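Hi,

Here is the structure I said I would pass on.

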Amino acid sequence: MPRPTKGPFSLDFNDLFVEAIAAVRARREIREELETLQDPPDLLAVILANREMLLSSLREQFDRTEMVGNRLHELLVEAAGPVGLEVLTGLVEGVMTMRSVVDEFSLAEPLPESTHELRQIRLRLERRTNVVVPRRDLPDDSAAALEAELDVCEALLAELVRREVDLLAAARPRAREALEFRALETDWEVRRSDTVQALESAVFSCALTALNTAVTEETAPRMRVKSFDGLRQSVTTERIVLTDAYERLEHMIRERSDGSFGIAGPRGVGKSTLVRFFATTRGVHGLPDDEEHERSAGKRPRLGVVVSAPVAYQPRDFVLHLYAELCKRVIGGDGDTTARSESEPEPRFAGAPLRWVHAWLMVLGGGALAVTAGLLALLGLHRPLWVMHPFADAGTVLLGTAMIATTALFVRNVKLVPARGAIRLQARRKDKVWPAVVVPALVVDGLIMITAGNGWQSHTWQLLGAVAGVLVSIPAFVLAHRVRNLLSRVEFPDELPLSAERQLRELAVERLRGIRYQQSFAHERSMAVKAGGAIGFDVGGKRGETRQEIAKTYPELVGDLRAFLAAVAQQHTVVIGVDELDKLRSYQDVENFLNDIKSVFGVTGCFFLVSVSEDAAAGFERRGAPFRDVFDSAFDDVLSVRLLDMGCSRRIVYGLLLGWTKPFVGLCYVLSGGLARDLRRSARELVSHRTDGDEIELGAVALAMCRREAEARADAIRHELMRDPFDALNIDLLAKVADLTPADATVPSLLKWHDELSSWAPAVAPGEPIPSAVRLGSELAAFLLFAATVLEFFDPAEVAERIREAEKPGGGAKCLSTLATARRSLALSPGISMAHTRLFRTAWTMDS
């Protein structure tokens with residue numbers, strides 16, 4: 001069944017994008033903010049520049065909606081009936097062929113031969129699809145002639161797409177009679193509405209970022225919140241912000257013909273987002289070498305797939321999973337359904353399989369001979385006396401001559417034309433017109449003379465019937481012989497070039513079917529034709545075929561996958577992401593995993609991105625040479641994704657709501673530790689402390705957020721200590737924690753509690769295990785010092801000058817990144833956290 005290229009349920013991202021931009025620009029808060037700004041930003045230019053990032057964030061939702069639309073189109077094709085199916089097949093093949101041809105000849109040299117070849121392909125396609133577009137006279141200049149012919153081909157392509165959409169729309173009323181179609185139609189409308197809303201939200205976030213950047217009072221210690229739409233989504237919703245890691249990876253891909261790269265970094269830093277971005281978009285644009293890259297890459301779009309490393313690792317199963325996901329990505333939509341529903345390509349004639357056409361031609365020829373034998377036997381049994389009838393005999397001769405001439409002309413001039421998956425009759429082009437005049441004249445004259453001579457009352461009709469039977473059997477057997485010759489061929493040449501996209505998709509369907517199913521085929525047929533009475537004969541045949549696929553070995557499977565990757569890389573730049581490698585159970589599992597999958601690496605035009613956690617990488621480094629060996633042999637390069645800096649954090653929170661100033665961004669940044677997910681959590685908590693007038697005061701919100709976290713940490717430590725309530729250190733620390741009152745905390749009280757907990761912790765001899773109570777006490781003490789430092793730095797009276805000082809280049813320990821590092825190190829190493837906090841306090845002379 002053909003897959004329509006466009007239909008009533010197609011999802012065009014460009015159309016949705018335009019719709020979302022119009023909706024965002026019509027919002028009241030956006031209009032009001034643009035009117036208040038002295039130098040408003042060009043929102044349309046900003047949104048268009050971030051188009052690829054917006055598409056990447058919605059790719060999965062877009063694909064799920066498109067999958068439902070593809071199933072609806074399949075039901076529309078079924079409702080169109082056999083005739084509609086045949087027409088649609090021609091239109092779909094025509095669209096795919098014309099797209100491929102236009103792309104190919106757009107890059108061709110402007111030579112007269114190219115123009116002539118393009119015109120011939122277009123004319124053949126017009127004859128095949130019965131779609132004709134107005135032609136134009138070509139200019140004498142070769143380049144202009146090729147351009148004009150390409151314009152005609154574009155017009156033909158647009159007309160083919162329009163007829164395809166009209167055909168599917170006409171079948172919609174019949175399709176709606178089925179319950180499945182109505183249910184899927186409702187589901188598609190809901191999914192499309194959700195996709196539009198998600199896209200509108202992403203575009204709105206992009207507009208908020210541009211407007212927040214243009215605010216002049218950016219260091220004010222007070223902010224008024226004007227929009228909350230960006231905070232309504234889950235913190236797991238990706239907001240892509242291009243950092244230097246994105247640009248570095250883009251350069252690494254552009255500079256190589258293939259490669260495998262490790263993506264290292266702590267959890268939550270955005271490794272998965274980066275991998276998905278490069279697997280679902282065209283990559284980073286706006287770089288200095290964009291023009292050179294476009295010339296070298298040509299029109300090879302990126303095609304990517306992201307798979308997760310399995311917790312229970314089996315190399316064969318993982319390679320099969322990767323292979324299947326890549327096939328489904330090439331097929332598009334629901335690849336498994338396509339593999340189940342699409343049968344093996346088989347040549348067809350008039351909608352019927354060619355093998356059945358051969359069988360019925362044999363039946364027709366045999367039946368005609370049987371009729372002839374029966375009529376001749378009837379003549380012999382009656383043994384009629386031959387009586388001269390001049391007019392009747394002459395008419396019989398004329399009719400016989402006309403039948404013989406018609407049969408001879410048919411056998412001589414009509415041929416079978418094979419095409420991709422279809423066979424059709426085609427007459428040889430002749431300039432002679434006499435057969436069209438002479439044969440009808442012979443038939444008419446013969447009928448008149450037989451009727452005038454009363455020939456129908458004798459045995460003339462039996463004789464003519466016998467002759468007709470012989471003459472019918474001859475072309476039937478001739479055509480059957482030609483069909484059999486066609487069936488013996490391996491390839492069916494097409495009069496039109498099959499698009500490379502279609503070839504790749506057919507290959508993917510075949511490979512996915514081979515992965516999913518073990519095939520077994522059996523064919524049998526038997527036929528019989530008998531004439532009445534004692535005369536008759538049988539035409540029969542029986543054929544059987546059985547094929548069972550044997551599971552391939554792992555090396556054979558890897559070889560097949562590499563070959564398929566090479567085929568896909570002929571048309572696409574392939575990006576494969578392997579995510580969540582840090583979830584494997586042990587370092588040995590990671591090492592085995594890399595050793596097994598690196599056999600797939602090294603295919604020209606393919607890039608592999610494997611995410612590795614910072615903890616796993618550090619653990620392997622401590623193991624020494626074994627990890628370094630497998631790491632160096634598996635990856636061409638390793639990209640470390642760093643924590644967010646102040647600039648990246650500003651771009652993320654600017655997309656959440658309207659009204660930000662730098663001190664509030666800095667507060668969320670240090671409380672999140674530079675992790676994007678925690679940054680959105682901090683922003684949501686910050687907004688929850690707004691007043692009735694939607695205003696937020698910096699000192700009050702900073703104190704409230706630090707008090708809440710201090711109370712939550714004290715409760716968590718108390719719960720952990722209660723696991724062993726009889727341990728002496730646990731009892732002692734529980735008493736210390738009970739004396740804390742985080743709900744009334746101030747800077748002096750926080751520093752006092754920090755000093756008490758720091759002096760309480762007993763010393764631990766080198767090499768001895770650290771008691772859990774000591775570690776928990778140190779962790780709480782480190783947070784109390786961190787919270788006091790945050791409150792001191794974000795004092796509303798001094799924060800504006802401090803923010804400007806912290807943003808100066810070469811600020812060293814004065815940068816907010818020092819405090820963010822202290823926040824992130826709290827759970828990993830309280831000692832390192834306190835060291836960074838004291839370094840920050842010393843740089844700002846807070847202890848003087």
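Let me start with helix H5 (residues 59–106) and helix H7 (residues 142–170), whose axes come within 9 Å and cross at roughly 165°. Keep in mind throughout that this is a predicted model. With the cut-off for roughly antiparallel set at over 145 degrees, H5 and H7 are therefore roughly antiparallel to each other. As for handedness, H5 passes H7 in a left-handed crossing. The contact of H5 with H7 is made up of 19 nonpolar residues, four polar ones and four charged ones.

Next, the salt bridges. How many does a search of the whole structure find? The count is 38. I picked out a few of them for you.

One is in helix H6 (residues 112–129), where Glu126 and Arg122 sit four residues apart, so about one helical turn separates them. Their closest N and O atoms are 3.1 Å apart, and the two form a salt bridge. The cut-off for buried is under 20%.

Then there is helix H9 (residues 179–213), which holds both Asp187 and Arg191, four residues apart, or about one turn of the helix. Their side chains meet in a salt bridge at 3.3 Å, N to O. Here Asp187 counts as partly exposed, at 28% relative accessibility, and Arg191 is partly exposed as well, with a relative accessible area of 29%.

The side chains of Glu709 and Arg713 make a salt bridge, with 3.3 Å from N to O. Glu709 is at 11% relative accessibility and so counts as buried. Arg713 has a relative accessible area of 18%, so Arg713 is buried.

One last item goes beyond a simple pair. Which residues are linked in a network of salt bridges? They are Glu159, Arg162, Arg163 and Asp166.

That is what I have for now.

Cheers

Methods
Residues numbered from 1 in each chain as written. Predicted model: local features only at pLDDT ≥ 70, side-chain atom pairs only at ≥ 80, totals over all residues. Heavy atoms only, no water. Axes fitted to C-alpha atoms, helices over the stretch in contact; angles between N-to-C directions. Helix = DSSP H or I, 4+ residues; strand = E, 2+ residues; numbered from the N terminus. Parallel < 35°, antiparallel > 145°, perpendicular 65-115°, else oblique. Left-handed = near helix turned anticlockwise from the far one by under 90°. Nonpolar A, V, L, I, M, F, W, Y, C, P; charged D, E, K, R; others polar. Salt bridge = Lys/Arg side-chain N within 4 Å of Asp/Glu carboxyl O. Buried < 20%, exposed > 50% of the residue type's maximum accessible area, 1.4 Å probe, protein only.
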